[in-house]
Amino acid sequence: DGFLASLEKDAKERAKRRKRNERLANALKEKGNDAFRKGDYVTATQRYTEGLEKLRDKQELYTNRAQAYLKMQEYEKAIGDCEWALKCNGRCVKAYFLMGKAHLALQHYSESRQCYEKILQIDPQKESLFKDCMNEVNLEEKRMKDEERAMKEVQSGKLAALSIKELLQKLDRPDQDILYYAGGIRLLTGAVKDCTEQTLFRTNNGFSILQDNEAVRRGFCADKKSTAEVDLSVSLLLLWQAVCAGNEENQRLLLTHPDVNAQLPKLLSSGVWELQKETLALISLYSENENGRRLLVRHQDLTKWLQILLTFVSSTDARASSAMNILSDLTEEERFKTQCRDVLSTDVLPLFTQLLSSAKLVNQAALARCVGIMGNLCADAVIRVQMAECRECWQACLKLVDECFDASTPEYQECLFAVLGLMMNLLLESNVIIQDFAVDISGKCMSLLGDKDGRIVTRATGVLSRVLPASSSAVEEAVKGGVVKKMIKFLKAGGQITSNYGIKTLCICTRSNRQAQEDLVKSDKRFSVLLKLLDSEDEMIVGNAALCLGQCLVVPGAATSLLNSRVVMLLLKHAGGDATRTSVQKNAAIALGKLCVAEPRHVAQLRKLNGLAVLHSSMKYVHQS
């Protein structure tokens, strides 16, 4: 008993001692964190070390000290601390991350990759981090190999390699005429033929030309450039295109240069054709690949870029196409969309609506691309809400649709096609402004249903299917305009997308409009079209077809016209559980119930198919409807 009591007492004392040491270790960790935030990494490592003297198995102290060692470039020590952290917690993602960084700094590429692969094994949700880390390893390994290869070429006395160094030395001469520098830069551009010359440009401090040569920097950064300064700036832009094409390390170095970073949006807005053309060409090198786009998003304030690039829609030359290509690429980045939210209402939408309103005066091929890009941006719910609430935007869209009847060029048709797509996206929202425009929107779409371009017809039908629920007046006008007959015609012709939009439009019209119900019964003899849709493999079409049929059975004689048809079997199949969507089962059950109420003779067919139980269960839906 005395021995057990002694053990218990010892355990309590050890627990108390550990609790006290835990408090001390946490206090020292916070002091270390504070020093780390201030950039005092030596003090930070001291505090973390003192904390570990209090508590040897505290994982956070090892990883925090490893992070400080990384900042001090003591990579072996960082790796050692990460290994200790993993002994405390074998699933510590931070330890593997920091160890991967340390191995990378030591050019241990294989070990670095293994660390990052461990992160993904531990937490598959870290896939984005894993990709970024692996990309960093790949780029660093490529950079080192390129530099080794370039050095060998210099040592072998290869003329092309030596010329890069000589030309850069000549550009270092101070106080020369600006035309001297422009000419030298063009000669240098001509000497850059492949990856070796790109690497030699970098290793010989080619990117320091702006900070080392005041005359070049002054000319490039001048707000109002003289002819010579424009020539110099164009020469620089062409040089950077040559040294950055396909070279991600060079792209990174260029974009992190403060003067280049600040000047790019200014050059785009300069109004000088040559400067804009070459700036767009340079930015295209970044936007056309994922790593380049990430560099742009990370190092550029892109809030102004959407507005700046949209202005090129007015250009009649290749600048318009280049600008739209860049914008299209940037919309793939979520961070770009997030940045666009802040300036959309104040800066972007006024310009966009002006471009739409001036469709006859701008580059229509670029405008069509521009509208498509704005439609893609609507995938972001915040942007979509802002655009859907912009009255001027709706007015401009409708104006363009109006003008298409006077201008039937292929370019204008593309604009119309894009605008209809944009309207479809905006109609995912519901607001008072959409209600106000619903009659006008549906009227314009009704006029487009006779267009020769099947794509236009499909999108016009899609817009109808989304705008009609916003207004009973719009439904009434559409029905008067013969929408039911036109939808039946489209449904007979088939086509998956058009069928989806067409049957949805019919559902909306027949829900509460008696004229629409009667028009459908007249247009679709014995419901042959709806019965065909009930046999579709697309459950969305089936559900809407069942709903539409059920809504039309109130018309006298409608249910009777279905005697001796497959309607009972089809509805029973969907109502009885074949459908995976509950709404499809419900709509089929309601239609089945209404069918038997309107024409009791269908019950005999139902009895033959052993479907009375389904009919009984469906009656509650009938009463609810």
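**View 1. Domain layout of the predicted model.** The domain assignment of the protein lists domain 1 (1-153), domain 2 (338-429), domain 3 (430-523) and domain 4 (552-624). The coordinates shown here and in the other views belong to a predicted model. Taken over C-alpha atoms, the centres of domain 1 and domain 3 are 63 Å apart.

View 2. Lys-16 has a relative accessible area of 60%, and because exposed means over 50%, Lys-16 counts as exposed.

**View 3. The loop between helix H3 and helix H4, with Gln-73.** Gln-73 is located in the loop that lies between helix H3 (59-71) and helix H4 (75-88). Although Gln-73 is not a glycine, its phi is positive, at about 60 degrees. The relative accessible area of Gln-73 is 56%, and the residue is therefore exposed.

**View 4. The loop between helix H8 and helix H9, with Asp-175.** Helix H8 (159-171) and helix H9 (178-191) are the elements on either side of the loop that holds Asp-175. This residue, other than glycine, has a positive phi near 60 degrees. Asp-175 has a relative accessibility of 77%, so the residue counts as exposed.

Notes: Residues numbered from 1 in each chain as written. Predicted model: local features only at pLDDT ≥ 70, side-chain atom pairs only at ≥ 80, totals over all residues. Heavy atoms only, no water. Domains from an automatic or database assignment. Buried < 20%, exposed > 50% of the residue type's maximum accessible area, 1.4 Å probe, protein only. Helix = DSSP H or I, 4+ residues; strand = E, 2+ residues; numbered from the N terminus.
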